Amino acid sequence: MLCINGVSKTFDNVQALNNVSLTIEAGKTWGILGVNGAGKSTLLKIIAGILRPDKGSIVLDDKQLYNNSKIKKEIFFLSDDAYYFPNATVETMAEFYSSVYKEFDIVRYRKLYEALEFDNIRKMRTFSKGMKRQVFILLALCSNTNYLLCDEIFDGLDPVVRNTIQELLFHEVKNRKLTLIVASHNLKELENFCDCLGIIHQGGILLSKEIQHMQHQTHKFQCVYNEGKALQLASGLDLVSIERQGFLVTLLARGIKEEIEEIIRRSGADRYQELPLTVEEIFINESEVIGYDISAIIS
Amino acid sequence: MISVPSSHSYFFQCLKRYAGVIVISLYLHASYIVDFAMAQQGLYLFSGDNKLGPQNNMMFYISLIIAILCGLQGFSYLHSEKKLILYLGLPLKRTLLFWHSYICGILIMMIPCIVSRIICIFLARDSQGNALYFAAGGILMNVLGFLLIYNLVILIILLTGRIWAALAGTAIALVYGTYFIGTVIEKYCTAFLNNYYKINMVEELTAVLSPIRLYGNMAGVNDYSIYDNWNIEDKAEYLFIAAAAILISGLLALFLFNLRPAESTGKALAFKKSKGFIKILLQIPLSLIIGYYSMQLSVKDRSVLLLLGGIIIGSFLLGGILEILDKADIKAFIGNKYQTFTITVICILISGAFIFDIWNYDSFLPDSDEIEAVAVSINGLETDYLLNYDPAVDYAAEDRLNIMNLTGRNKINALNWLYKVMDTDKSQALTFVSVAYKYHNDQIKYRRYAIAGQKQIEEFSAIYESEEYKQGTIPLAGEEKPSGHSFLWSNGVETYHLDFTDEENQELLDCYRADLAKLNIEQLIEYRTPIGLLKMTEWNEENGREGYIYPSFETTIGYLISKGFAAEKAVKDYEILKLEVQDRECNIEEAAEMLLVSESLAVNPVLAADTGEDVVIKCRDQNNRVYTVISCKILNPRH
């Protein structure tokens, strides 16, 4: 388990992170969502042990992470623009990483890059952005670390490459208990494969939830009432939001679906139906509950 | 799945990053071997240096270049955010990360250095049986020098966040002592202290604060010897300082490496706290030097107003520029006003200390009991100095002041004479006397006083006639035996090797020393210039102990004549075939009217062997067979 305990970081009087706390369970896929400059990269660099927090700590399996090589062996940090040596090929980069990651699986690495049809003697500097990104994903995956931190890895990639990378990550998460933490400014990139989502804004965590749990716990209904009847509705529900347009009421409520339906029936709704709910809607509405309008962040 | 011991394997990966530097190192060391091999044959390729030991100039520069390259290659990733993320993200402790790069650099220097030196042992033709000693000394000094510079480069890289700042900082730090401390003190002492010659403590400080100079002193590359004569005992002091500097800078580098925040990449300075200190180190000496050069602009000498104006403007300008460089923002020019103001005040106080001579430097004269000995060197007396050159520059002073020890009565005479000349106005100077007051505790204080005229030189008579003075001034007057040496004689027109036996050499030297003992200052003034030069050579014609022959040296001249050499002849005694004055050909008859003296014998300051014109004559030798072209000076007629 990775615990982020009250981490703060300031760069030249600019507060990048302010008392961030988060607990990341092993084997989960986390998405860190936020606009540019929100503090996502700073948080990942602190988790990776690159930056030292001004306050707070990162604890992995009850051990402090900063400058702890034994613990850092569990983590691979993949930045949005990872560095490769000037004359590096896919092979030489693997040699480099295998020298520090004991569990590096060179056989699997070779299989994977051959499957992706990469030339092993071609210099990486001649690769496209998407190809380089795929090579680094392979390096990260074959390092066999338990934690993989990815910073904006889908940014600027075409859909084909994005799907390839997502598939690779899916496969890894499915087949071994990899804990994946992906930072992005785009919710659509994250909602498909993240178990949990955290929204980071102005250096603080606004919201962090398990997506499936929220999807099970939050329901959207559209109901038709005769005049006045809808007033009884609010009393029995754990409402996230409610919107009235004449006879039509759209509501978002937490709870068990059947119980919500029962309350709607009892409130005298002439007709009602459950509507599909997007992750975006859940997050926008959840944040509104705690007093933030994050539609600009995640749209 | 492969599993490899991470640290060893990473070390190899780390070494691979140095491929370019390894190639350069191998090329430079191979060049050294070829250059050394050719130098053994008397051939010149790059440096033509045939020294196997630490004094080899080429190895000095090779180790310097490799230290800078290794430092940059190994640690400049700290200036690139992308590289920094790669390295700091690796599961390695920072200390281990530091040592991997650090040791890679050392190996890249050390292995080729040892191998090339071993090869050169076999190539060395003449190292007087000390080849192993010199080679081992060479390796030790080059490695220590390398570490000194290497640590400094790493420290600068760690203190900075941008490559331009690291390069500029390295360039400044390498010569800081010499150019930022030494030059400023030298300029201010020369400008405001009338009797300044040099200050030992400042010399030592500048040597220590300038790593290149410290390395040079330690290796002895500035000793100007033709063959290896490096001795570890002579360099023990420098070695100790260098070893301490290496240890301290190495530990400091490791400490800073662990402490350095990753986010400092991209800033001029990596540590905020170092800013004030670095600013002081740069701003104070530079402001003082700007003030000094502003003062030089004045028509009237030493304009304090221009000095202070220069310091104030210089300090504020530099303060602003340093702030702009630090913050990369033009608006920062006016930042940190109080700090700049404080530095300006410090600069003014420093310059004030020189202006008002708060150390009473000029009025200093020690009591006879305080000092063990005194040494003096009058510029031009017994040296081939010409008055149209700067009379303040005495090339012989350093050796003379080291060798000479006037003690007892001679010391008292010297102090009495110095007391009379110490207040002489510099503007009236005919020449200068450099003085070393040698204390009982080995401390030495130096001064240089102006000598205004012949009277002051005549008053020097009692000191001049002493054996201690002559032994300290005239190398040939020393006690060394002539066996194993050969003599060279010249009268300024002709020069001959004296093919004498050891007995004849001893006889000649005895004659010379007897004549020299009788020479007094009145004769020196009367004779105006010597009529010959005798040199006891060591390895070749360039090196050896020499002494002038004056007309009163009847025994020496007689001995040389008896051996067939025209020791009594001067320029005027030769048949002159051609005369050129300052590249202008003249009638030969004009030569008779000129008091010509060979340039190599124009040595007496009292008589001013100067007309401001160079004369070249062509004449026959004593056998009227060989034509000789020599450079001469014209003596002023005696008033």
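Two strands pair if DSSP finds at least two bridges between them. Helices (H or I, at least four residues) and strands (E, at least two) are DSSP runs, numbered from the N terminus. I used these terms throughout my entries.

**Entry 1: ground rules.** I noted that this is a predicted model, in which local features need pLDDT of at least 70 and side-chain atom pairs count only at pLDDT 80 or more, while totals for chains, interfaces and linings use all residues. Residues are numbered from 1 along each chain as its sequence is written, chains are lettered from A and ligands numbered from 1 in the order in which they are written, and side-chain values use heavy atoms, with hydrogens and water left out.

**Entry 2: the sheet in chain B.** I looked up S2(B), residues 431–439, and found 8 bridges joining this strand to S3(B), with the two running antiparallel. One pair I located is B:Val435 with its bridge partner B:Arg447 in S3(B). The open sheet holds 3 strands in the order S1-S2-S3 (chain B), and the pairing is antiparallel. Its edge strands are S1(B), 371–378, and S3(B), 444–451, each of which pairs on one side only. From one strand to the next, the twist averages 20 degrees. I then found helix H16(B), residues 408–421, lying across S1, S2 and S3 of chain B. This helix runs at about 55 degrees to S1(B). Contact here means heavy atoms within 4.5 Å. Axes are lines fitted to C-alpha atoms, for helices over the stretch in contact, and angles run from 0 to 180 degrees between N-to-C directions.

**Entry 3: the sheet in chain A.** In what order do the 4 strands of the open sheet in chain A stand? I read the order as S2-S1-S4-S5, with antiparallel pairing. The edges are S2(A), 14–24, and S5(A), 63–64. S1(A) and S4(A) pair over 5 bridges in the antiparallel sense, and A:Ser8 stands opposite A:Lys55 in S4(A). S4(A), residues 55–60, is joined to S5(A) by 2 bridges. I found A:Leu60 partnered with A:Lys63, and A:Val59 opposite A:Gln64. These two strands, S4(A) and S5(A), form a hairpin with 2 residues between them, and A:Asp61 in the turn has a positive phi of about 50 degrees. Helix H1(A), residues 40–47, lies across S1 (2–11), S2 and S4 of chain A, at about 120 degrees to S1(A).

**Entry 4: two helices in chain B.** I checked H3(B), residues 57–75, against H6(B), residues 131–159: their axes come within 8 Å and cross at roughly 35 degrees. Residues making the contact include B:Phe60 and B:Leu64 of H3(B) and B:Phe146 and B:Ile149 of H6(B). By class I noted 15 nonpolar, 3 polar and no charged residues (Ala, Val, Leu, Ile, Met, Phe, Trp, Tyr, Cys and Pro count as nonpolar, Asp, Glu, Lys and Arg as charged, the others, Gly among them, as polar).

**Entry 5: between the chains.** The contact takes 33 residues from chain A and 29 residues from chain B. Together the chains bury about 3000 Å², 58% of it on carbon and sulfur atoms (buried area is the accessible area, 1.4 Å probe, that two parts lose on being put together, summed over both). A:Ile50, A:Tyr83 and A:Phe96 supply 20% of the area that chain A buries against chain B, more than any other three residues. I found 5 salt bridges between the chains (a side-chain nitrogen of Lys or Arg within 4 Å of a carboxyl oxygen of Asp or Glu). One of the salt bridges joins A:Lys45 to B:Glu81, with the closest N and O atoms 3.1 Å apart.
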